Amino acid sequence: MGFVPQVSSASASLVRSRRSLPGSPFLAAARGERPAHVPVWFMRQAGRSLPEYRALREGVPMLDACFDPEMLAEITLQPVRRHGVDAAILFSDIVVPLKAAGVDIDIVPGTGPVLAEPIRDAAAVRALPELAPEQVGKVAEGVGLLVERLGDTPLIGFAGAPFTLASYLIEGGPSRNHEHTKALMHSEPELWHALAARLADIAATFLRAQLDAGADAVQLFDSWAGALSERDYREFVLPHSARVLAAAAGYDVPRIHFGVGTGELLGAMREAGADVVGVDWRVPLDVAVQRLGGDVDPVVVQGNLDPALLHASWPVLEAEVRRIVEEGRAARGHVFNLGHGVLPGVDPEVLTRVVELVHSL
């Protein structure tokens, strides 16, 4: 796409004043170093499985919580206090910047993001609003609170990648087959690229707002990219995801890229500009390392315990954790995580035990 990120003088000042966390195992591993222990954090660790989260969120709609600086900061802090994880992940949602920009989208309990009017023609794409940094000012305020309260624990900011955001907008909600998305992508490629470029700008603005407020790393979630072939990913998705990740390049923080079912896309996802590639549970980490460049150009990986196994007996779970840590040694660096998010109903004590076990290995 030829996109070159421009860091404003204000942003550059904030980059220079970013807190120094030289003792962070997470940041060390993400930069390809070998910390004293393998760092661990969990996708969707902030919420869902924690009783203190459910108590705090009672009666509060998801998106309201995401725009409440004190609430989002407290929810982000809860798993750090309880589990002793090596990084906090901002409590938010990938549709937050769309909502902030004025898109009529909501998160329906038990369903997920739902759009009032799907975007499937040129007029709808043209009408899609841009995002101004001040529209996510409450999120940035929450990030600022977290930077003050997290101590030596780094904060990961995040955004949804253009393909996944586009899928929600085109389908009107979650989709199993992404049929409308794929049909538009192939039938009207110019319209697709116009939509994806607009969403890339929105995601980039959202990431920069978090980074300007002090986030120590970022993750770009392309949750549904695994629905695509590598050929389609490279043609329709990679340039736009690269545009988002390039927007964070001037901040000198680790950039993580993750998708579900993306075993065939790992190399391309790395090419998009990731410093760390998230791997789901379908591909062993040592195999993923080979797909990502092997010994020639080793990469940092993140993952990849199957979230369902958090419901298994401890001996089974312990064996899986040990296997994954061992397989991760093939990489230049390894951040232990799940292969997707924490499922509802997981016993929080199990997550704490997993953290303790990883730290001991």
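Me: Where is the place of Asp-93?
Reply: Helices here (H or I, at least four residues) and strands (E, at least two) are DSSP runs numbered from the N terminus. This is a predicted model, in which local features need pLDDT of at least 70, side-chain atom pairs count only at pLDDT 80 or more, and totals for chains, interfaces and linings use all residues. Residues are numbered from 1 along each chain as its sequence is written, and side-chain values use heavy atoms, with hydrogens and water left out. The place of Asp-93 is in the loop between β1 (88–89) and α6 (96–101).

Me: Which residues does Asp-93 touch, not counting residues up to four places away in sequence?
Reply: Contact means heavy atoms within 4.5 Å. With residues up to four places away in sequence not counted, Asp-93 touches Met-62, Cys-66, Ile-107 and Phe-158.

Me: Is Lys-99 buried, partly exposed or exposed?
Reply: Lys-99 is found in helix α6, and its relative accessible area is 33%. Buried means under 20% relative accessible area, exposed over 50%, and partly exposed in between (1.4 Å probe, protein chains only), so Lys-99 is partly exposed.

Me: Which residues is Lys-99 in contact with, leaving aside its neighbours within four places in sequence?
Reply: Lys-99 and Asp-64 are 35 residues apart in sequence and 11 Å apart in space, C-alpha to C-alpha. Leaving aside neighbours within four places in sequence, Lys-99 is in contact with Leu-63, Phe-67 and Ile-105.
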